Amino acid sequence: MTAQKHVPFLLSRAGAVSALTLAAVGGTMLAPGAAPEAQAATSYANKALSVAASKKGAPYRYGSAGPTRFDCSGLTLYAYKKAGKSLPRTAQQQYNKTRHVSASSRQKGDLVFFHSGGRVYHVGIYAGSGRIWHSPKTGSWVKLDKIWSSKVYYGRVR
């Protein structure tokens with residue numbers, strides 16, 4: 001048996017250097033055929049994140065989904081709708097529809113779900129560096145905040 005039967009693929013010396021260089025600068029290497037799906041996911045997530053950020057300062061209103069007032073799930077619904085994806089209305093329903101990912105796998109644009117007692121009660125859009133765009137409560141507005149709880153789940157919109 002050759003080593004190739006035990007290893008799915010071997011990198012050429014140039015390929016290994018390229019992969020190491022890419023890893024050193026924080027890049028991502030995708031398998032052939034995976035790029036279009038991954039690029040599409042990143043594209044709509046970045047668009048949704050940008051839409052949410054553009055609503056900075058919009059006042060909170062319970063039950064509102066934009067374009068000028070939002071509750072938490074209304075903001076995520078609106079942002080993803082503008083990015084070409086549909087989400088259900090409530091934070092719990094949105095959690096149920098997303099692909100759940102670990103904290104170590106979270107990416108900008110993923111949804112961050114706050115939970116207590118098995119129930120999701122708040123949602124925001126992950127902005128990186130432990131921060132989210134969200135519309136928190138009555139008397140507040142859409143803003144960028146640090147994630148304040150360890151009781152969070154992460155979900156990727158499909």
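**The sheet and its surroundings**

Tutor: Strand β2 (residues 111–116) and strand β6 (residues 152–156) run antiparallel and are joined by four bridges; strands here are DSSP runs of E with at least two residues, helices are runs of H or I with at least four, and both are numbered from the N terminus. Within this pair, F113 stands opposite Y153 of β6. The model is predicted: local features require pLDDT of at least 70, side-chain atom pairs count only at pLDDT 80 or more, and totals for chains, interfaces and linings use all residues. Residues are numbered from 1 along each chain as its sequence is written, and side-chain values use heavy atoms, with hydrogens and water left out.

The open sheet has six strands in the order β1-β6-β2-β3-β4-β5, with antiparallel pairing; two strands pair if DSSP finds at least two bridges between them. At its edges are β1 (99–101) and β5 (143–146), each pairing on one side only. From one strand to the next, the twist averages 45 degrees. Helix α4 (residues 72–82) packs on the sheet and touches β2, β3 (119–128) and β4 (131–134), contact meaning heavy atoms within 4.5 Å. The direction of α4 makes about 45 degrees with that of β3; axes are lines fitted to C-alpha atoms, for helices over the stretch in contact, and angles run from 0 to 180 degrees between N-to-C directions.

Two loops deserve mention. In the loop between α3 (35–54) and α4 lies P67, and the peptide bond from G66 to P67 is cis, with omega near 5 degrees. The loop between β3 and β4 contains S129, which has a positive phi of about 55 degrees although it is not a glycine.
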